[in-house]
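Please keep the sequence and the structure in view while reading.

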Amino acid sequence: MSLLILCDHDRGTLDEASLEALTFGRELAARAGIACEAVVIGAGADTALAPLATHGAQRVHLAGHDLLTDYGPEAWGETLTQLARSIGATAVMACGTDRGNEVLAHVAARLDEPFVANCIDITPGDTWTMTRVQWGGSLLEDATLDAGIRVVSVTHHAVEATLADTPAEGSLVHFTPELGVEAVRTVVKDRVVLTQGITLSTSPVVVGGGRGVGSEDGFAKLEDLAGALGGVIGCSRAVTNNGWRPHSDQVGQTGTRIAPDIYIAAGISGAIQHWVGAMAAKNILAINTDGEANMVAKAGFAVIGDLHKVIPAITEEIIRRRG
Amino acid sequence: MSEFPNRANVVVIGAGIVGSCLVGHLARLGWTDIVLLDKGPLPNPGGSTGHASNFIFPVDHNKEMALLGEQSADQFRDMELSVDCGGIEVARTEERMEELRRRMTSAKAWGIEAHLLSPAEVRELVPFVNDDVILGGFYCPTVSVVDSLETGTTMRREAIETAGCQVFANTEVLDIETAEGAGGVTTVSTVVTDKGTISTEYVVIACGVWSNRLANMAGATIPLVPTVHQMADVGPIDILAETNNEIGYPIVRDMDSFCYERQSAGSMEVGSYGHRAILHHPDEIPSNEEAALSPTEMPFTPDDFDEQMEQAIELMDMLGEAEIRYAINGLLSLTPDSMPCLGETTEVRNLWSAAAVWVKEGPGMAQVVAEWMTYGYPRVIDVHGADIARFYEGERSDEHIWSRADESFIKTYGIVHPQEQWGGRRNIDVGPYFSRQQDLDATFFQARTWERPQWFGSNADLVERYGLEERPVEWDNRWWSPITVGEHLNLRENCGLVDLSAFQIYELEGPGAVAFADRLAVNKIDVAVGRSIYTPWLTPDGGFHSDLTMMRMGEDRVRIVTGVFDGGRDEFWVRKYMPTDGSVTFRNITRQVTTLGLWGPNAPAVLGQLTDQDLSQDGSSYGSIIPIQLDCGGNKVDASLFRISYVGDTGWEVYTDWGNGPVLWDAVMAAGADLGVRPTGGGVYGSSGRLEKGYRLMGAELESEYNPLEAGLARPKVKAADFIGKEAYLAAREQGDPEVQMSVLTVEDQTDSHGRRRFMQGGNEPILTPDGNRIVDSHGRASRVTSAGFGPSVGKHLLMAYLPRELAVPGTDLQVMYMNDLYPVKVASTGAVFDADDTRMKS
Amino acid sequence: MRILVCVKRVPAPGSRINVSDDGQAVDTAHLGFTTSPHEECAVEEAVQIAEKHDGEVTVLTLGPAEAEEQLRYAASVGAHKLLLIPITGVDWDPQRTASALTTAISDIEAADGTFDLVLFGNESADAGGFQVGIRVAHALERPVVNGIKGIDLADGTASARREIDGGFEVYEVPMPAVLGIKEGINLPRYPTMKGRLASKKAEVSATAVEAVAGGQARVRLHRPLEQVSETVILGTGPEAAPAVVDLLEELGVLS
């Protein structure tokens, strides 16, 4: 009787989102009256174990296999499925990241059980009831879950990762799944690094531009400001559709979700598509000629004016203060 | 963002092209304490302005639309927010070519440069047009494209800077409250919004498609319905992109597919008025938050657009490979008669409407409303056709508005005959003789909501009797019958019975009634009981507001009889100026009193059979009203005999209780059976009989741009009592002879360039000098046909027009343009061309 | 090359999504419908692959009869065959949907041959269940990777790129395979006017498929509580720059 939480890592570096899942999961497990257990899969997993107990994992499973060289959705899904069965887990959980949801979908398919993705609240019981996000967070769904083994993910950023009041025991258990070659048809074969250092999803400062930027060239001013702040450029879907910026710069439901210390949104009206990608920002500064734009209304701070004049002025002011 | 005010002089709701221009014009006219609200963001609050195609084709057959379009185009040019790109209406059918020739005529009337082009010439201007599918084009080089959003911003800025106008976007009006004003008149008092409540003297609703919903909040109506106009932006298209220009080619209106193609930088906007009418209730329009694009850019329904798409590709092959990048069901406003809704609402004092206005007329119509609020009537142009007071109750229901919009949407690019009748929503108001008239195979024309017989099929024998013929060209023959000539000639020879039940009849009663009536009218109302007064009512600037008959029915009772087209406006005018001290009461008795006209040399003999009363000019003098009892087949019917004539032969308007109508009709028909009495339609009463006598008609000859001197309706003396417009009227008299004079002209040769005899319709055809030049007075007023019709008793086609005094001389040779052909005309009179000394009526 | 794309008809909302009175669906009274954005890209990718490899694109949807509109849209941008699994009432849950799709795909393949590639969107724009493609792949015993933003085909293998922070991962997947596509893999073309007109004539085959409901059930949809925040206006125009930089200092991002 346990809740088994997949803790993701990238070649030995624990994904912070896993700690959110642990934080959420240990509460859930306590209310359900079951144990909270974590699993880390694959090569390098052993270096990612340290914070798991302090975040509430009573037991930590270290799953390894010769074929588990790198991330592979099918192999990880198969491994997790076998582990869940072997320990008699009543629920399997992960954070609702790209990988988390992907692996859990494989688990659910293999278990022939339902999978409820991106929950923000779960009430355990004979039938679990939960609230999950739809439309990237614009809408919530109350749902029920009837299953032998409950497979659920918790929405990324739904909770902040916190240490457990008292660290759990975190005893280490090794697990070796039975894997055939078909399980590793889909393992990462290669990685290509395009950006060194900070990226859109991790940058503490994002300078975003929308339709109001007006052209591809118009982003030069935004780049200057981002450069001065050590931040990166983001953009709205309208910008991508106009071909002014690559899709990898797109902030939004179908682009990147950002969570910077400050998001400077210039010439962005604030359509829902964009907003759901930006709403996790800790602070938002909107720059818009229209004081009544949606983005202005939703932002904590705003400057009313033409971004083509305001942004260079801010960049200049930064440079001036730095002497 | 200033603090939200709790007081204002005027609150304008809606910051689209109309509301934004309105605050600018109000500021220019000296208004202060102006607040402009919109529920959407700025500069594009999400109404129809935001997706407008923003082009102005200046030529319109309708005078108000043409002149206000021109006025607006000038304002856009003054702001430098307009580009002349030219525009071509192309024809695929011969019928459309004829319509384009009619367009040429209207262009000439308004002084707008225009050319008829061959298909090859169209192709020279627009090289991507397939000239195989068109027969020709109507090219207007001054067609322009404007920036409507920037215009709004500019006008708002002017109002903010010069008059301290306060603008609040994202502010939704939740309610418009009224209070009881002086005399118990429901008066607007407060605008409740989600940001606060403003008490105010005036409120203007400039909310486009939402206007009726806003008006309903105050208990008023602005009869319009949000209607879909589909458009798609397709591209990229190289030949357009190569112009490096927002618009480098003339706009093409493919009239017969009800589509236009307008360049928009590197792509083409294809807009359609050819699909089924798609109407929405205002509640079906999403909020700014709910809408995927904007509230009035509703989800595109591609099935409705496919036929237009095929036709567009047929005209411009390159469109086939162009990508559909943006397509919407754009909303615009349609009214029951396709004209705007301007002016003060009739239900709520100081609540004004500036709605159902397109971008192309926006600035001009905003000016109209601002002037109206300032001066009591617009100065720039007469707007009886756009006055919201024109609508009767029966025209304000959703059922009516939707039916009319459903029928008229396709007419946006259609060929609409000046006499064109509606198919649906007929028989709303009918006279007491309706079933009898149906039995007599009457053809009814609808005047607003009222059915009036235009001619009677039962009189078909008169066609043979008088040797009459159909007109050779179908257009001239449409909505016309030679029977109407037969009815005319029979009336002149024997006698005609005319149903006048559609007269709008009001009574003023009370100790202040006569004095108040005198305040409305130019001519003296304080006359002997039993006398009638034919009189203009003037605007404060001395132009015509109304032209009607008033009757002194008693010491403290005055009856007002006006035409069915003017009833709404006249009733509202009375109510607006009525004393609030209780000294006058107003009653609309239209549905209580019916009127029959009986005219012709045999009229006294016919009526004489129903009464022993002396019906000679001694016993029933011209202009008198006498009470009488008529013996209608044993039934005693009380009636009033009003000796008057609008057709030129002796006779009476007989007024009686509505319920007596059928009995009276039967009695007159029986009495006249051997005296040649025939039921006679509006074709005689409103057209041929009137025109032979040169009688002026409100809304045609009589408009607020003209005064009684110019219309030839000034009396030798001016009464002592004050009346609305008196000061201006006296000033006009001071100046001596008027600059123009209403005249009747005869068409000397009706033969067109194809050798066919043609009949002008009275649709603003220009009167030209023998050299073919326009005739324009110092106020910019062009000479044009205000009414036209055949005069059977004079054997000539008759035209009415204002002419400069030096030309308004009998015998002067001029020309008229009709369907782009020129015809010689001669000035016949400034009065009547038939029985000029009124012998037939008065002896 | 035979490619199948599974698409979903979803509402195209504005900046606020309303829920129907019974809480079971999005209130679509004011809304148009579209193909879920990831899937629109999947259709484009399929058409591009078909153009390059002389292939045939089949588009399959499970949805209301009106979903024919989305199928025709796919045809207007180059899809060849259109298949509809009609359902009535509210959306099916992910297990039921996946089961029906699996049955339909198996039937098509039995008749016409295996699809070399089956493309799904990474997740639907509305429900966002993140699982239907993977369930179908599992049932069909085919490899599957989600989050794909680039595909190269060679020698029976699909080299699929998946975006990660700062770069991408590469998967070498043997075909037949299933891929979950993400927006950004391409910029989908718009239909041409001729394409639209031609799509009107395209044949849509509709076949009802039964499947049992899964263990996840909807109770109701609702809108999250809106955080109403007061916006601090730092100023107007370039003059606001010092106030902005003060703020940046205060937030500690100016180091």
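Chain B gives 21 residues and chain C gives 19 residues to their contact, where two residues are in contact if their C-beta atoms, placed from the backbone, lie within 7 Å. On the side of chain B that touches chain C, the elements giving two or more residues are α8 (306-315) and β18 (323-334) of chain B; helices (H or I, at least four residues) and strands (E, at least two) are DSSP runs, numbered from the N terminus. The largest share of this side, four residues, is from α8(B). This side of chain B comprises 12 nonpolar, one polar and eight charged residues. Here Ala, Val, Leu, Ile, Met, Phe, Trp, Tyr, Cys and Pro count as nonpolar, Asp, Glu, Lys and Arg as charged, and the others, Gly among them, as polar.

The model is predicted: local features need pLDDT of at least 70, side-chain atom pairs count only at pLDDT 80 or more, and totals for chains, interfaces and linings use all residues. Residues are numbered from 1 along each chain as its sequence is written, while chains are lettered from A and ligands numbered from 1 in the order in which they are written.

Between chains A and C, 76 residues of chain A are in contact with 66 residues of chain C. The side of chain A that touches chain C holds 37 nonpolar, 22 polar and 17 charged residues. Strand β9 (residues 139-145) of chain A and strand β12 (residues 216-222) of chain C run antiparallel and are joined by six bridges; strands pair if DSSP finds at least two bridges between them. In this pairing, A:Leu145 stands opposite C:Gln216 of β12(C).
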